[in-house]
Amino acid sequence: MNYMKKHIFSLLMIVMLVMGTLSACSSKTTSEETKQTAAAGGNTVAPEDTAAPEKTAAAAENTVHKSKNGIETKDNGAIRKELTSIDLTTLMGNGINLGNTMEAYGHATLGIKAEVSKYETTWGMPVTTQEMITGMKKAGFNSLRIPIAWTNMMDFENKNYTINEAYFNRVEEIMNYAFNEGMYVIINDHWDGGWWGMFGSATEATRNEAMTMYTSMWKQIAERYAEYSDYLIFESGNEEIGNRLNDVDIAKDSGKLSEDECYKMSAKINQAFVDTVRKTGGNNEQRFLLIAGYNTNIADTCDDRFVMPTDTAENKLILSVHFYDPDGYCQRYSVTHWGSKKNYADMNETLAKLTKFTDKGCGIIIGEYGVLMEGQSNPKDNTTDYYKNFLNNCDYHGYAPMLWDCNSMFDRNKQEFVDKNVAKIFLDHSLATQEGKSQEDIKAAAKKAMDDVVATLKDEKAVNDKEAKAWLMYNSSDWGMLYSVGDVYDPTSMTEGIVPTDVQITGAGQYKVGLDFTKTAAKSANSVVFSAVGIANGEKLYPGYVITIDEIEVNGKTYKYNKKSYTTSDDKKCTRVNLYNEWVTEIPKEARTIDGNLSKVTPNLLDAKKLGNVKTIYVTFTYGPAKK
C-alpha cells in the first residue's frame, strides 16, 4: 500500500515516557520526550518525563514535494525517532478502513493486465477520490487503513513476484489523498486470494515459496515507499496470520499445521516481516511496524504462545487485533439488539485484556471493528450504544481504533455518515473535539462514561455459580439463526423469535434441550455451521461427568446417525458435546466418553450437507459419571 505522511507540528506536544516493552516492542533505554515545533522545521528536545503526547487535530504546513510517481504530497518524509508505539497510537486518533477497495480480489477473473480501477471496483466500491478521504477527515477520522491485495496484478503462479507499477502508483495516490489531510496511513497484505494457505501446505517447496513471495513483496513495498515519513505504517498481514495459514483457497494440500505449529509459523512470518523491512534501510530502519496478532483475535493473541518479533529499532512495533464481538450482532444478522449488562461486561473485559501489552509499552491498534450494515439502509438497534462504549474503551486504554466500513456506514459518495446519531459519536471522539484536553482528562471522562452506563443496567445473569443449566447452541449455515453460542450461557444472545427449551441440571439423569425456529421471520434455520449441547458450570459442579447423546430429533422425526460423540470443555467451566463443528481437526486430549473409548468419536453427528431446513431440533441426552 502506498502511503504519504505529513507534517511538522505547529502546536507543542509532549511525548510520554514509556516503560520497558514486550519483546520487540521493548526498548533498551527509555525514549526522550520531545516538543516539536514548526520553527525552521526543527525539533527541540524537552527534558520533561511525565507528560503524555497531546492529541492534536491539525499540523503546520509542510514542504510540498513530489513522490516517485510525480504526485505532489504534503508528507515531509521525517521520522520521529523519539516517538514510541504508545505515543503514536495516542496521536493517531480514530481511523477508518477503505474496505473492499484495493484488497478487492479480481486476479482470477480479470487476469493481471486490466486497468487498476477494474480491480479497485470489482467488489462494488466506487473509485476512490480526494473528496472521499477529505470527507472522512471532516467526519472525525485522523487515520486511514488501506487493505491491499498485492497479487492482483502479479504473475505469482509462475513464481514472478514483481508488483505491478500501476498498482504501486494507485495505492500511492490514495495514500497521498490521506497525507494531504494530515492523516496517518496503514497498508498491509489483506487476504489476497488466500495465498497465505501456502504456509500450511503439505509440500515443503510450497511452504518455502510462500515465504519467498512474502519477503519479496515486503522488500518491494518497503523500498517503493521508503521516502515517506512515519505517518506511513506497514502492517504484516491481516486475519490470515493464524489458523488460516491452513486455508486451501490456493494451496489445495494445505491444512497440515496443528494449532501449535500455526503459532510458530505466525511468529516466523512476523519476524520475517520486521527483518525484511528493516534491511531496506533509510526511513524503514525506524518506521512503525504493525504486527498482526494471532488470527487478530484478542483471546488468541493474549495466549502465551503468541510472541512479538524482535526488532533492531526501539519501541517501534505496534500490535494489531480486531474486535467484532458479539459476532451475531457485529458481523451477522442473527442478533439485532445489544446492550445487556453482560454485553457491556464482555466488551470491557475483552478490551482490557490488551493491557497485557500496553503495560509493557506496546501500542495497540484495533485494525477492524464495527456493527456492519452491508445490505441494510439503517444501522442496527443500539449501534450508537455499542460505538460509544467501544470508543470510550479506546480513549481510556489509549488504543487507536479503525472502523471497518465498505461504503455503508459512511457514504463515500456523499462524504457523510448515513445516520446522524452515529456521526455525532465519531465527532465527539475525534481529535478535533478532544484538542486542548489532557490525556488524563480524556481517560477520566471515558472511564466515568463507561461506569455510569453499567451502573444503570440490571443484572440479568442467566445462571449463578451454584446451578447448572443445559442448552442447545446453534448457528445456521447462513449465519442467520443463532442461539447462545459460546461457553457462557446467554439466552439473550439469540435471533428474535427462537423458542428455546433449556433445562436445569440437578444431577445424574436424562434431559432434553432444543430449539423451535418456526416463530422467527425465516420460520426455519438453514442447516447448521455449528451446534453443541452445553452445560453451564458443568465442570465445576459435576466434574468428570459425561454427556451421552441418546436421540436427536429434527422436524419431529428421529435423526439417524451412526457416529459417537465425546464430552469436552474449552474453558474448564462449561461442559460441552459438539453436534457439528467443522473447525475441529483434532480430538482434544481432555475428551472423554462414558466407556473411555475415543477410537470412533467425532465432532460432527449432524451432516450439514444433508440436514436442510430445520424447523425444530431437540436433543435427548444422559448425564452422569463415566464408567470405572
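Predicted model: local features only at pLDDT ≥ 70, side-chain atom pairs only at ≥ 80, totals over all residues.
Strand 6 and strand 7 are paired in the parallel sense, with four bridges between them.

Helix 4 covers residues 130-138, and because seven of its nine residues are buried, the helix is largely enclosed by the rest of the structure. The buried positions are Gln 130, Met 132, Ile 133, Thr 134, Gly 135, Met 136 and Lys 137, a list in which Lys 137 carries a side chain of the charged class.

Just after helix 4, Gly 140 adopts a positive phi of about 115 degrees.

## The contact of helix 12 with helix 15

Two packed helices are described by the angle between their axes and the distance between the axes. For helix 12 (residues 383-397) and helix 15, the axes come within 8 Å and cross at roughly 145 degrees, and the crossing is left-handed. The residues that meet are Asn 389, Asn 392, Asn 393, Asp 395 and Tyr 396 from helix 12, and Ile 442, Lys 443, Ala 446, Lys 447, Ala 449 and Met 450 from helix 15. Sorted by class, this contact holds five nonpolar, three polar and three charged residues.

Lys 448 belongs to helix 15, which runs over residues 439-455, and with a relative accessible area of 52% Lys 448 is exposed, the cut-off for that class being over 50%. The C-alpha atoms of Lys 448 and Asn 392 are separated by 9.2 Å, although the two residues are 56 residues apart along the chain.

Five strands form an open sheet in the order 17-19-26-22-23, and their pairing is antiparallel. Strand 17 (499-501) and strand 23 (557-558) stand at the edges with a single partner strand each, so one side of each is left without a neighbour in the sheet. Within this sheet, strand 22 (residues 545-554) and strand 26 (residues 616-625) run antiparallel and are joined by nine bridges, with Glu 553 having Tyr 618 in strand 26 as its bridge partner.

Ser 565 is placed in the loop between strand 23 and strand 24 (575-581). Its relative accessibility is 11%, so Ser 565 counts as buried. Apart from neighbours within four places in sequence, Ser 565 is in contact with Ile 547, Ile 549, Val 577, Thr 593, Val 601, Thr 602 and Leu 605.

## Backbone exceptions in loops

Most residues other than glycine have a negative phi, and most peptide bonds are trans. Asn 382 is not a glycine, yet it has a positive phi of about 70 degrees; Asn 382 lies in the loop between strand 11 (363-369) and helix 12, and is partly exposed at a relative accessible area of 25%. Gln 415, likewise not a glycine, has a positive phi of about 55 degrees; Gln 415 lies in the loop between strand 13 and strand 14 (416-417), and its relative accessibility of 30% makes Gln 415 partly exposed.

The peptide bond that joins Asp 325 and Pro 326 is cis, with omega about -5 degrees, and Pro 326 lies in the loop between strand 10 (317-323) and helix 9 (327-330).

## The chain as a whole

The protein chain contains 17 helices and 26 strands, and 56% of its 628 residues count as buried. Among contacts with a separation of 6 or more, 78% are accounted for by residues 24 or more positions apart.

Definitions and conventions
Residues numbered from 1 in each chain as written. Heavy atoms only, no water. Buried < 20%, exposed > 50% of the residue type's maximum accessible area, 1.4 Å probe, protein only. Helix = DSSP H or I, 4+ residues; strand = E, 2+ residues; numbered from the N terminus. Pairing = 2+ DSSP bridges. Axes fitted to C-alpha atoms, helices over the stretch in contact; angles between N-to-C directions. Left-handed = near helix turned anticlockwise from the far one by under 90°. Contact = heavy atoms within 4.5 Å.
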